[in-house]
Amino acid sequence: GGLATNNTPTMSEEKTNEEPKAEEPTVEETPKVEEPKAEEAAAAGGDDEEKVKEEESTATFEPVVKLEEVEVKSGEEEEEVLCSFRSKLFLYGETLLDTGTGNKTWKERGIGEARILRHREHQRLRFLMRQEKTMKVIANHALDPRIVLEPNAGSDRSWVWSCFDFADGELEEKVFALRFANSEVAGEFKEKYEKHQKEMQALLDGEDKPDESGEADAAAEALSGLKTSDDE
């Protein structure tokens, strides 16, 4: 079916009016190393200095377990980053306690870099966001030209939209809200998002031309082709 662009729920600004900030790391105090007392240092001096000189050990030790380097792939190796915006993502849906009740609320998915990527080979574009601490994928969908960024009621620094997302390993229709530090950054994100949507539309139009029978849906193909490695 088409994307739900009407009656999009709005996110309460009152509950989420804090600035997206990374938590400050806690720094443990490093224990101080005590300096030797003057008389102890004097006692250790003199003739003892020559005795302290010992032959260097030539023994070598092999590790008990050898660990081989394993190349970890993110699934983004063949893509280039077109833009990146630090922001906080929210998902509109049921909580674990409300599963099956139909009671939906805004749930925070995490803070991270909201990025638009372009594949170097087939040129398709997608929106990808990872939680900045765990690197878990929290949003991953094609830049479908049908997606409409709607303003969030009561806020000039967040956008709400509905899309088919692949972050959880299968294509699901979801409603996201993305909040930025201020309205200026939010406006810049919308401008970039819509610009690259037009690029995606032109790409899909070009793919449709050779196939006049309509057997292959290029947009659906682009969506189903999105796979991101996520071990979290």
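This is a predicted model: local features need pLDDT of at least 70, side-chain atom pairs count only at pLDDT 80 or more; totals for chains, interfaces and linings use all residues.
Me: Why is Asp156 called exposed?
Reply: Exposed means over 50% relative accessible area. Asp156 has 54% relative accessibility, so Asp156 counts as exposed.

Me: What does Asp156 touch, not counting residues up to four places away in sequence?
Reply: Asp156 touches Ser183 and Ala186. A contact requires heavy atoms within 4.5 Å. As for Glu184, its C-alpha is 8.9 Å from that of Asp156, and the two residues are 28 apart in sequence.

Me: How many aromatic pairs does the structure hold?
Reply: The structure holds ten aromatic pairs.

Me: What makes Phe85 and Phe180 a pair, and why is the pair called edge-to-face?
Reply: Two values describe a pair of aromatic rings: the distance of the centres and the angle of the planes. Rings pair if their centres lie within 6.5 Å, and planes over 60 degrees apart count as edge-to-face. The centres of the Phe85 and Phe180 rings are 6.3 Å apart and their planes are at 85 degrees, so the pair is edge-to-face.

Me: Why can the pair of Phe85 and Phe180 be said to tie together parts of the protein?
Reply: Phe85 belongs to strand 1 (residues 79–93), while Phe180 is in the loop between strand 7 (172–179) and helix 3 (183–208), so the pair ties together parts that are 95 residues apart in sequence. Both Phe85 and Phe180 are buried, a term for residues under 20% relative accessible area.

Me: Why is the pair of Phe85 and Phe189 given its name, edge-to-face?
Reply: The ring centres of Phe85 and Phe189 are 5.6 Å apart and the planes are at 90 degrees, so this pair is edge-to-face. Phe85 is in strand 1 and Phe189 in helix 3, so parts 104 residues apart in sequence are tied together by the pair. Phe85 and Phe189 are both buried.

Me: Which residues do ring pairs link into a cluster?
Reply: The cluster consists of Phe85, Phe127, Trp161, Phe176, Phe180, Phe189 and Tyr193.

Me: What lies over the face of Trp159?
Reply: Lys190 does, at 5.4 Å from the ring centre. The distance cut-off for a charge over a ring is 6 Å.

Me: How many helices and strands does the protein have?
Reply: The protein has four helices and seven strands, in the order α-α-β-β-β-β-β-β-β-α-α along the sequence. Buried residues make up 35% of its 232 residues.

How values were computed:
Residues are numbered from 1 along each chain as its sequence is written. Side-chain values use heavy atoms; hydrogens and water are left out. Helices (H or I, at least four residues) and strands (E, at least two) are DSSP runs, numbered from the N terminus. Buried means under 20% relative accessible area, exposed over 50%, partly exposed in between (1.4 Å probe, protein chains only). Rings of Phe, Tyr and Trp (its six-membered ring) pair if their centres lie within 6.5 Å; planes under 30 degrees apart count as stacked, over 60 as edge-to-face and the rest as tilted. A charge sits over a ring if NZ of Lys or CZ of Arg is within 6 Å of the ring centre and within 35 degrees of the ring normal.
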